[in-house]
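Okay everyone, thanks for coming.

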Amino acid sequence: MGTQAPDGGPGEHGKHTETGSRGSGGPGSGGVVAEDSRWTRDLWAAAFCALALLVLLHIVDLGAGTLDAPRSALWSGLAALLFAVLYPPRVTVGHDWLAVRGLLRERRVHTHLLTRISRREGIAQRVVLRDATGRRVEIDPITLAANPLIWHEIDRGARRSRESGLLRTGTPVLDGLRSRMDDIETERARAVFEASGLR
């Protein structure tokens, strides 16, 4: 009797894809091809905000003469909660797989087995990828814009999925992303030309 994966995927595939660690391959062959170049900066920003809140609350309590152990523990808990909320997901991609690791867990999909690509609207927009094993990940479009290698691996896998007949939902979303990435690359090329005097 197969075990059920944490996010609803089939048992055997679930165990294989969830336990793959950074650089060890994961779904598909090979190790990490690219990772989010902004992740370290965003992590430090989250840590700085949490630390700043912790220091500020302690300073206010010290000024009021009300700082004691229970209140210090409370402020530390609030700072830790803020860090958890601000913690940036770490996105890595390899040949035929994409992984998004949060503070407590990692989700992976096979990019060459995608069955659905959708867009979740709202304050924090996300691109949602689902594969044939039932697994899904959500990724910030800004992450794709800032990391062309991650986008190209997703796009390559999506093309393979569509050619094999698996990807039947999400073509408009995919085309919209391609158009946006093309515009971004054009702007980058223009900026390079202008900076080097090759207009």
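Let's start with the largest pocket: 13 residues line it, and nearest its centre are Pro88, Pro89, Arg126, Asp140 and Thr143. Before I go on, this is a predicted model, where local features need pLDDT of at least 70, side-chain atom pairs count only at pLDDT 80 or more, and totals for chains, interfaces and linings use all residues. Residues are numbered from 1 along each chain as its sequence is written, and side-chain values use heavy atoms, with hydrogens and water left out.

So what's a pocket? On a 1 Å grid over the protein atoms alone, it's an open set of points where a 1.4 Å probe fits, with protein on both sides within 12 Å along at least five of seven lines; a lining residue has an atom within 4 Å of a point. The largest one holds about 260 Å³ of space, where volume means the space filled by probe spheres set on the points, joined across faces, edges and corners. Its lining splits into 6 nonpolar, 1 polar and 6 charged residues. Here Ala, Val, Leu, Ile, Met, Phe, Trp, Tyr, Cys and Pro are nonpolar, Asp, Glu, Lys and Arg are charged, and the others, Gly among them, are polar. Strand β7 (136-139) and helix α4 (141-146) each put at least two residues into that lining; helices are DSSP runs of H or I with at least four residues, strands are runs of E with at least two, and both are numbered from the N terminus.

The second largest pocket has about 160 Å³ of space. Which element gives the most to its lining? That's β7, with 3 residues.

Now the rings. Phe, Tyr and Trp rings (the six-membered one for Trp) pair if their centres lie within 6.5 Å; planes under 30 degrees apart are stacked, over 60 edge-to-face, and the rest tilted. That gives 2 aromatic pairs. Trp39 and Tyr87 are edge-to-face, 6.3 Å centre to centre with 80 degrees between the planes. Trp39 is in helix α2 and Tyr87 in the loop between α3 and β2, so this pair ties together parts 48 residues apart in sequence. Phe83 and Tyr87 are edge-to-face too, at 5.8 Å and 75 degrees.

Trp39 and Tyr87 are both buried, meaning under 20% relative accessible area with a 1.4 Å probe, protein chains only, while exposed is over 50% and partly exposed in between. Phe83, at 25%, is partly exposed.
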